[in-house]
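Hi everyone, thanks for coming. I'd like to walk you through one structure today, so please have a look at the screen.

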Amino acid sequence: MSETHPAPPAFEARGFGGGAPDNGAAPDLSARAAALDAADDLAELRARFTLPEGLVYLDGNSLGALPATVAATTADVVTRQWGEQLIRSWSDGTWWTAPERIGDRIAPLIGAAPGQTVVGDSTSVNLFKALVGAARLAAPGRTKLLVDAATFPTDGYIAASAARMTGLTLVPVDIPADIPADPADAAGVFGPDTAVVLLNHVDYRTGRLHDLPALTAAARAAGAVIIWDLCHSAGALPVDLDAHGVDLAVGCTYKYLNGGPGSPAFLYIAARHQRDFDSPLPGWNGHAEPFAMTPGYTPAEGAVRGRVGTPDILSMLALEAALDAWDGVTVESVRAKSLALTDFFLECVAAYVPAGVVEPVTPAPHAERGSQVSLRTENASAVMGELIARGVVGDFRAPDVLRFGFTPLYVRFTDVERAARTLGHIFG
Ligand SMILES: *Cc1c(COP(=O)(O)O)cnc(C)c1O
């Protein structure tokens with residue numbers, strides 16, 4: 001954990017950068033960090049989480065920290081609701097309606113009116129439902145399923161399978177190079193043959209934030225059905241699904257929503273599509289009358305038709321407790337702090353890390369930045385290993401990216417300054 005730990009030989013041998021950072025000449029960033037924390041309206045929210053002392057945790061975009069309310073709720077679910085109430089918890093308790101109840105709890109964070117969001121299954125499974133459901137909603141005769149070329153792998157894999165199943169042709173596209181956000185200019189990409197478009201709101205590797213309002217407008221102007229993957233934006237920045245007329249969306253709850261490892265994902269089905277949304281996984285939980293046990297399938301009204309089988313109650317109720325961390329918090333205030341944190345991190349990196357050894361790949365303009373900063377460097381995997389050994393946890397993404405996620409609910413400006421200083425020491 002010592003910050004005077006010697007640099008690993010690989011870095012010395014490669015002669016990274018221009019020698020030791022001139023820390024003496026750097027402005028007093030640690031004093032600035034302390035002042036920023038003192039002025040931070042969200043600072044007290046950190047007490048809603050259980051974080052190890054002395055650790056700088058910048059990996060909440062992979063696994064959010066543990067909210068303090070989760071352990072007691074989970075113990076109650078196991079010992080009382082399961083252990084004592086047994087089967088009665090399904091009918092008398094809070095279990096059966098958890099998917100739509102917790103969906104409505106997430107809804108304000110993604111700008112959705114109630115009744116359009118349902119929780120359950122993994123993001124991968126919800127992508128499958130959304131993609132095949134979108135293909136079935138699309139106007140007949142359209143032939144293409146567009147996916148961003150840099151997509152998170154699971155989205156691309158499932159899109160390829162959904163395309164084969166529905167007879168569409170998968171077309172990888174670059175955003176925004178290929179797809180101008182202006183609907184008029186986008187006509188060449190989103191065209192009369194585009195059936196479905198699947199885009200990531202924030203690129204998981206680079207942290208680039210895509211223009212959801214404009215790209216949604218462009219896709220819909222072309223008559224396509226658009227699905228947004230919100231894994232790296234839900235809980236990190238305003239999404240405003242209803243306001244921007246998004247058709248379908250999916251997202252993780254174990255990243256910025258802190259639901260716990262493998263906590264169930266969400267599926268958003270805009271109200272105007274619910275009547276016609278035809279799930280490719282019509283399980284009995286999505287039936288209009290699940291306990292009628294009829295041989296034929298009649299889908300439930302609303303987003304409930306996005307349910308499949310028996311929900312994983314332990315994970316789901318842990319997620320519900322985790323969402324208490326959001327009580328009284330607006331996603332707009334979270335976004336403002338997120339941008340302040342990432343700005344400050346970039347400033348500290350510029351001050352502490354020798355010139356030329358790391359290159360930010362996350363766009364500088366706020367309108368194009370998610371809640372992470374990715375730095376490209378040689379030996380990124382070894383550098384991240386060294387950072388973690390010194391108590392600064394981010395993650396590595398192949399082939400050469402150091403990735404740092406900033407969760408405004410619990411990350412402090414002093415954490416940011418220490419992370420950049422530690423990085424500087426590794427290269428120093
Ligand atoms: C994290 C992430 C996923 C994860 O999907 P799972 O099914 O939960 O494993 C999917 N898509 C994106 C864009 C992600 O960032």
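Let me start with a question for you: is the crossing of helix 11 and helix 13 left-handed or right-handed? Before the answer, a word on what we're looking at. This is a predicted model, where local features need pLDDT of at least 70, side-chain atom pairs count only at pLDDT 80 or more, and totals for chains, interfaces and linings use all residues. Residues are numbered from 1 along each chain as its sequence is written, and side-chain values use heavy atoms, with hydrogens and water left out.

Now the answer: helix 11 and helix 13 cross in a right-handed way. Right-handed here says that the near helix is turned clockwise from the far one by less than a right angle, and left-handed that it is turned anticlockwise. Helices are DSSP runs of H or I with at least four residues, strands are runs of E with at least two, and both are numbered from the N terminus.

Helix 11 covers residues 331-352 and helix 13 covers residues 413-427; their axes come within 9 Å and cross at roughly 25°. That makes helix 11 roughly parallel to helix 13. For the terms, axes are lines fitted to C-alpha atoms, for helices over the stretch in contact, and angles run from 0 to 180 degrees between N-to-C directions. Under 35 degrees counts as roughly parallel, over 145 as roughly antiparallel, 65 to 115 as roughly perpendicular, and the rest as oblique.

Who meets whom? On helix 11, the contact residues include F344, F345 and Y352, and on helix 13 they include F413, E417 and R421. Contact here means heavy atoms within 4.5 Å. By class, the residues of this contact are eleven nonpolar, one polar and three charged. Ala, Val, Leu, Ile, Met, Phe, Trp, Tyr, Cys and Pro count as nonpolar, Asp, Glu, Lys and Arg as charged, and the others, Gly among them, as polar.

Helix 13 has another partner. Helix 12, residues 380-389, packs against helix 13 at about 120°, with the axes 10 Å apart. That makes helix 12 oblique to helix 13. Their crossing is right-handed. V383, E386 and L387 of helix 12 touch A419, T422, L423, I426 and F427 of helix 13.

Next, helix 6 (residues 123-137) and helix 7 (residues 153-166): they pack at about 35°, with axes 9 Å apart. This crossing is right-handed. Among the residues in the contact are S124 and F128 of helix 6 and D155 and M165 of helix 7.

On to the ligand. Which residues come nearest to the ligand? Of the 13 residues around it, they are S124, N200, H232, Y254 and K255; a residue is near if one of its heavy atoms lies within 4 Å. A ligand oxygen sits 2.9 Å from an N or O atom in the H232 side chain. For the side chain of Y254, the distance from a ligand oxygen to an N or O atom is 2.6 Å, and for K255 the value is 2.6 Å.

Last, some backbone details. Most residues other than glycine have a negative phi, and most peptide bonds are trans. L86, not a glycine, has a positive phi of about 50°, and lies in the loop between helix 3 and helix 4. The peptide bond from I175 to P176 is cis, with omega near -5°. A398 and P399 are also joined by a cis bond, with omega about 0°. P399 is in the loop between strand 14 and strand 15.

Definitions and conventions. Polar contact = N/O pair within 3.5 Å; in protein donor to acceptor, adjacent residues only side chain to side chain.
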